[in-house]
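Colleague: Please take a close look at one part of this protein for me. I would like the packing around the aromatic residues, and then whatever ties the surrounding elements together.

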Amino acid sequence: MNRPLSRHNPIRAHARAAWMAAFEKALVDRIPSVRGRVDWDTATYLYLQGLRTVDAVDRYERSYTADLADARARENGERL
């Protein structure tokens with residue numbers, strides 16, 4: 001009986017860990033201010049979408065910079 005690969009499979013766990021490490025390195029290289037503050041829920045979502053790390057970093061960066069712009073606008077009392 002063949003069992004489906006689960007998230008507890010050590011091979012898949014290793015692949016996921018390698019993807020997450022590569023994602024974090026690429027992200028911190030691009031946006032140094034996120035060091036130690038990566039949103040891992042978002043990273044997991046991007047991983048499960050099957051994105052390459054480069055594409056995931058691009059998407060994360062677009063979301064991150066949009067959130068920063070919104071926060072700065074709120075600080076300055078601007079209406080969104």
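Modeller: Here is the aromatic part, followed by its surroundings.

This is a predicted model. The protein has three helices and zero strands. From the N terminus on, the order is α-α-α. Of its 80 residues, 22% count as buried. Contacts between residues at least 6 apart in sequence include 53% that join residues at least 24 apart.

Start with the rings. The whole structure holds four aromatic pairs. Trp 19 and Phe 23 make one of them, and this pair is stacked. Their ring centres are 5.3 Å apart, with 5 degrees between the planes. Both residues sit in helix α1, which covers residues 10–30. They are four residues apart, about one turn of the helix. An α-helix has 3.6 residues a turn, so residues three or four places apart point the same way.

The cut-off for buried is under 20%.

Ring pairs join Trp 19 and Phe 23 with Tyr 47, Tyr 60 and Tyr 64 in a cluster.

Now the nonpolar core. The largest one has 15 residues. Those touching the most other members are Trp 19, Phe 23, Leu 27, Val 34, Leu 46, Ala 56 and Tyr 60. Helix α1 gives the most, with five residues. In soluble globular proteins, nonpolar side chains tend to be buried together.

Helix α2 runs over residues 40–48. At its start, a side-chain oxygen of Asp 39 comes within 3.2 Å of the backbone nitrogen of Asp 41. After α2 comes Gly 50, with a positive phi near 80 degrees.

Next, the charged links. The search of the whole structure finds four salt bridges. One joins the side chains of Arg 30 and Asp 58, at 2.5 Å from N to O. Arg 30 is in helix α1 and Asp 58 in helix α3, so this pair links distant parts of the chain, 28 residues apart. Arg 30 is partly exposed, at 36% relative accessibility. Asp 58 is partly exposed as well, with a relative accessible area of 26%.

Arg 30 has another partner. Its side chain meets that of Glu 61 in a salt bridge of 2.9 Å, N to O. Glu 61 lies in helix α3, so this pair ties α1 to a part 31 residues away in sequence. Glu 61 counts as partly exposed, at 24%.

A further bridge joins Asp 55 and Arg 52, with the closest N and O atoms 3.1 Å apart. Asp 55 is partly exposed, at 29%. Arg 52 is exposed, at 54%. Through shared partners, salt bridges join Arg 30, Asp 58 and Glu 61 into one network.

Finally, the surface. The accessible surface of the protein comes to about 6300 Å². Carbon and sulfur atoms account for 51% of that surface.

Conventions. Residues are numbered from 1 along each chain as its sequence is written. This is a predicted model: local features need pLDDT of at least 70, side-chain atom pairs count only at pLDDT 80 or more; totals for chains, interfaces and linings use all residues. Side-chain values use heavy atoms; hydrogens and water are left out. Helices (H or I, at least four residues) and strands (E, at least two) are DSSP runs, numbered from the N terminus. Buried means under 20% relative accessible area, exposed over 50%, partly exposed in between (1.4 Å probe, protein chains only). Contact means heavy atoms within 4.5 Å. Accessible areas come from the Shrake-Rupley method with a 1.4 Å probe; for residues, only the protein chains shown count as cover. Rings of Phe, Tyr and Trp (its six-membered ring) pair if their centres lie within 6.5 Å; planes under 30 degrees apart count as stacked, over 60 as edge-to-face and the rest as tilted. A polar contact is a pair of N or O atoms within 3.5 Å; within protein, one must be able to donate a hydrogen and the other to accept it, and residues adjacent in sequence count only if both atoms are side-chain atoms. A nonpolar core is a set of buried Ala, Val, Leu, Ile, Met, Phe, Trp, Tyr and Cys residues joined through side-chain atoms within 4.5 Å.
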